[in-house]
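Visitor: Hi, can you walk me through this one? I'd like to start with the strands.

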Amino acid sequence: PYLVIVHEAVDMSVILATAGYDHKIRFWQAPSGVCSRVLKFPDSQVNKLEITPDKAFLAAGGNPHIRLYDVDSSKHSDPILTLDAHTGNVTSLGFQRDGRFFFSGSEDGTIKLWDLRSTTPSRSFDVKAQVRSVCLRCDRDEIISGDANGNVKVWDLGMDGGGGSNSSSSTGSPPTKRDGCIAETRPAGRRTGGCLIQTAIQSVDISSDSNTLVAVSNHGTVYTWCPKAGVYFDAPKPKNSFRAHSQPGSYCLHARISPDCLHLCTTGSDGMVRLWDTKTWKLVQDLQDSKWVWDAAFCADSSYVVTASSDSISRLWSLRTGEIVRQYHGHQGAVTCVALNDSSF
């Protein structure tokens, strides 16, 4: 069942959680806006939340710990698992659809793969730069990362610390072996006065049909590619690029492709939530949030989006009307992340 806005019984198949700088994770009854549970994240802010596909567990990434919580247990607030292999802010989390593993990216410059049965990572990839964003390609065992040096890299999960694979780069150089990295490009670099100016890649995402890959720089430029079988960056330049957040001094904070693959949602420090058509890359909707919008999550049928804002409020938006349907009050600081799972998987 998809997220449905009703006023009667709470639909327990909808899991909505938010977290931020107040060291609290809050679970919400999505239709009513009532907070149903509060968990403490003791030693840092929470940077990222992710719910397992079966809705059994919630993963929370902080600085530097990752903690897993039981979604169904209202009596126990302690994590069932704490992972401490990272040494910097955890910026990305994600689960493989069948639950075989989950992955994390961190400002310590690594991407790690985890088995839920162990506190030791099963693999670790050295990105050689602070990792800002990581996503998983659903139809292949490959992970895409964006980093503070402006690189977009593709990692073969069957490789660890080197080994052969059909690697390629945006410059057309021969295949190379590089610690599991099978493709890379740097779309955001530019030269000014003979000096290379590096722009960080703030967010990466790939559509569920694997036909659209996007990377967004912290200054609000969106770069797009159409991945082919085994080939990501077959030309020196992206297929498309455009400014999503162009207000002077503004930053792009997050980007997410909708589950139906039709829209890209970008959020920024300008308080805007913007929806872009993934076929034409034209702006189709502007949602005016408040202050910095750190994160956004679509519902399963792509008809609603939940945003996390630095004004301590999360908001549920109808993409049909462009209006706020619910506001979730309770945090005592900036809300930096949101996780929503209302799928029937």
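Guide: Let's begin with a pair. Strand S14 (residues 152–156) and S16 pair in the antiparallel sense, over four bridges. Strands here are DSSP runs (E, at least two residues), numbered from the N terminus. Two strands pair if DSSP finds at least two bridges between them.

Visitor: Which residue stands opposite Cys181 in S16?

Guide: That is Trp155.

Visitor: Before I go on, what kind of model is this?

Guide: This is a predicted model: local features need pLDDT of at least 70, side-chain atom pairs count only at pLDDT 80 or more, and totals for chains, interfaces and linings use all residues. Residues are numbered from 1 along each chain as its sequence is written, and side-chain values use heavy atoms, with hydrogens and water left out.

Visitor: Back to S16, then. How many of its residues are buried?

Guide: Five of its five, so strand S16 (residues 181–185) is mostly covered, where buried means under 20% relative accessible area with a 1.4 Å probe, protein chains only.

Visitor: Which strands form an open sheet?

Guide: Four strands do, in the order S27-S28-S29-S30, with antiparallel pairing. Strand S27 (293–298) and strand S30 (324–328) are the edge strands, and each pairs on one side only. Neighbouring strands of this sheet are turned by 20° against each other on average, direction ignored. The axes are lines fitted to C-alpha atoms.

Visitor: What holds strands of a sheet together in general?

Guide: Strands of a sheet pair through backbone hydrogen bonds.

Visitor: And how many bridges link S28 and S29?

Guide: Five, between strand S28 (residues 304–309) and strand S29 (residues 314–318). Tyr304 stands opposite Ser318 in S29.

Visitor: New topic: Gln202. Buried or exposed?

Guide: Gln202 is buried, with a relative accessible area of 18%. Gln202 lies in strand S19 (residues 201–206).

Visitor: What does its side chain make a polar contact with?

Guide: The side chain of Arg132, at 3.2 Å. A polar contact is a pair of N or O atoms within 3.5 Å; within protein, one must be able to donate a hydrogen and the other to accept it, and residues adjacent in sequence count only if both atoms are side-chain atoms.

How values were computed
Buried means under 20% relative accessible area, exposed over 50%, partly exposed in between (1.4 Å probe, protein chains only). Axes are lines fitted to C-alpha atoms, for helices over the stretch in contact, and angles run from 0 to 180 degrees between N-to-C directions.
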